[in-house]
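Visitor: I would like to learn how to read a model like this one. Can we go feature by feature?

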Amino acid sequence: MHSTYSCKQLLGFAVAANILFSTFQVSVSLAEDANEQSPATDATELTATEEDQAESTVDAPENSLGRPTHKQVNTIKINVDDLAETSLKCFCLSPTGNALAACGTGPGEIREFTPTGEFVTSWEVDVKPEAINVGSDGNIYVAGAGKLLKLTPAGEVLLEQAAPHVAAITENPEKIREEIINQTKRMREQFDEQIKVYKDMLAKIEAKPEEERSEEENQQVGMFEQVLKQYEEMSERYGAEELTEEEIDEKVAASIEYKTRIASISEADGEIFIATGSAEGYGYDVWKMDSEFANGEVIITELRGCCGQMDVQCCKNGVFVAENSRHRVSRYDTGGTMVTSWGKQAREGLHGFGSCCNPMNVAFGSDESVYTAESTTGRIKKFTPEGELIALIGKVDLVPGCKKVAIAVAKDGGNVFMLDITRNEILVMDRLQPGETVAYSESESGGSILDAVKKSLGF
């Protein structure tokens, strides 16, 4: 589903899926309650007795991979002191290890903070920032509203110009118009089909006398009624009549604005990569350019992501994509040929990625390792460039939801930073001291969400 429609259009589907999973969630609620403890509040060193009690509330890890290596120790708040209140969009680390917080809606602002949260300085940028990164050349790259900027470490603008995908998107509005008309028709048909499916399932249960129904069937009645309500609301929103010309024009303009957004930007060895919406369809493309933002070409197409998020990061080992709707990390060479990929959707177990759409973001350690970040769960893991799991970094206490959770790693691997975009904060983790533990661990193995749902529903 996520591969075809936008997150807003899939609201009904997402709610339906969450409701359907609720039975399964009840069966694992005790483990979930323990796993969701905040590292910020549970990051103190435990005595042997306390550690045994904590470990008894969660799945015991099969080996040391299931024990976190870091704990949450600090929060960088961007709205502090006498600074004007603004909203945090993304962040990266400066060459000196400070956090560069890209804020605002245009013109934007870059605010610099130390890892302990002290404000250092700020400067304005003439775009609404959507992505930021520091390149191998030490310069700062900012992208937003279809524009690309290259800045010095002090914020001086070296280069500014339109991103290459803008022309490809705006030159053929009729194609976008056709897509919108066809998409609206498909959505109506999809909602009608799902309404029929759930009405049929509900009718089968309600045909039984209430006293003959199982407890599970009674729970399903409530779930199916809520699902039906969501689908019926979405169906009514799309309406039974054809779109007017005015409505189509509005949707075309909104689609162009959405497609011209830039989900991520990164630079390595004089080559720049950005992730953008595809000119046609609803996937994502990766564009490659030289250091002057010239000679742009699409090297990767048909990536699948939801929530407007597609994180693409480059290093000397190639281009790494957090393809969240396919629950995997994909590694390409700089020409766009896939080298390897790893990951699966799994509610339990270290080797899978949890929640609806993960991993959301990737980052690199100075040892060439690859870090992954998961929205909703707040979990960070560390892999080799080939996809072998190295460590569970840990969990942060962030507002859950399907959203960008950008991460960054200090050169020495001690501090690991993660974006909490809802609270306008950057969460900071630090490496555990020898012998120190936290009240959280993971089992290395785990079944798939599909298996768990089937089991919980008696299939």
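Visitor: Does N424 count as buried or exposed?

Guide: Keep in mind that this is a predicted model. Burial is read from relative accessibility, and buried means under 20%. N424 has 19% relative accessibility, so N424 counts as buried. The residue lies in the loop between strand 23 (416-420) and strand 24.

Visitor: What is the phi of N424?

Guide: Phi of N424 is positive, about 60 degrees, although N424 is not a glycine. E368 is another case: its phi is near 75 degrees, again positive in a residue other than glycine. E368 sits in the loop between strand 18 and strand 19 (370-373). Its relative accessible area is 31%, so E368 is partly exposed.

Visitor: Which peptide bond is cis, with omega near 5 degrees?

Guide: Read omega for the bond. The bond from N358 to P359 is cis, with omega near 5 degrees. P359 has its place in the loop between strand 17 (338-342) and strand 18 (361-364).

Visitor: Let us step back. How many helices and strands does the protein have?

Guide: There are nine helices and 24 strands. Of the 459 residues, 52% count as buried. Then look at contacts across the sequence. Among contacts with a separation of 6 or more, 54% come from residues 24 or more positions apart.

Visitor: At roughly what angle do the axes of helix 6 and helix 8 cross?

Guide: Take the distance and the angle together. The axes of helix 6 (residues 173-206) and helix 8 (residues 245-259) come within 9 Å, and they cross at roughly 110 degrees. That makes helix 6 roughly perpendicular to helix 8, because angles of 65 to 115 degrees count as such. The crossing of helix 6 past helix 8 is right-handed.

Visitor: Which residues make the contact of helix 6 with helix 8?

Guide: Helix 6 contributes P173, I176, R177, E179, I180 and I181. Helix 8 contributes E245, I248, D249, K251, V252, S255, I256 and K259. Sorted by type, the residues of this contact are seven nonpolar, one polar and six charged.

Visitor: Where does D192 lie?

Guide: D192 lies in helix 6. Its relative accessible area is 44%, so D192 is partly exposed. Compare sequence and space here. D192 and E232 are 40 residues apart along the chain, and their C-alpha atoms are separated by 8.2 Å.

Visitor: On to charges. How many salt bridges does the structure hold?

Guide: Start with the general idea. Side chains of opposite charge can pair when their charged atoms come close. The structure holds 19 salt bridges. In one of them, the side chains of K77 and E425 meet at 2.7 Å, N to O. K77 is in strand 1 (residues 70-77) and E425 is in strand 24 (residues 425-431), so the pair ties together parts that are 348 residues apart in sequence.

Visitor: What is the relative accessible area of K77, and what is the relative accessibility of E425?

Guide: K77 is partly exposed, at 43%. E425 counts as buried, at 10%.

Visitor: Which parts does the pair E386 and R331 tie together?

Guide: First the geometry. The side chains of E386 and R331 meet in a salt bridge of 3.5 Å, N to O. E386 lies in the loop between strand 20 (379-383) and strand 21 (389-395), and R331 lies in strand 16 (residues 328-332), so the pair ties together parts that are 55 residues apart in sequence. E386 is exposed, with a relative accessible area of 53%. R331 counts as buried at 12% relative accessibility.

Visitor: Which residues are linked with E374 in a network of salt bridges?

Guide: Follow the pairs. E374 is linked with R379, K381 and E442 in a network of salt bridges. Within it, the side chains of E374 and R379 meet at 3.0 Å, N to O. Both E374 and R379 are buried.

Visitor: One more residue. With which residues is D285 in contact, leaving aside its neighbours within four places in sequence?

Guide: Those residues are I274, A275, T276, S278, A279, V298, I300, T301 and E302. D285 itself is found in strand 12 (residues 284-290). At 9% relative accessibility, D285 counts as buried. D285 and V298 are 13 residues apart in sequence, and 6.6 Å apart in space, C-alpha to C-alpha.

Notes. Residues numbered from 1 in each chain as written. Predicted model: local features only at pLDDT ≥ 70, side-chain atom pairs only at ≥ 80, totals over all residues. Heavy atoms only, no water. Axes fitted to C-alpha atoms, helices over the stretch in contact; angles between N-to-C directions. Helix = DSSP H or I, 4+ residues; strand = E, 2+ residues; numbered from the N terminus. Parallel < 35°, antiparallel > 145°, perpendicular 65-115°, else oblique. Left-handed = near helix turned anticlockwise from the far one by under 90°. Contact = heavy atoms within 4.5 Å. Nonpolar A, V, L, I, M, F, W, Y, C, P; charged D, E, K, R; others polar. Salt bridge = Lys/Arg side-chain N within 4 Å of Asp/Glu carboxyl O. Buried < 20%, exposed > 50% of the residue type's maximum accessible area, 1.4 Å probe, protein only.
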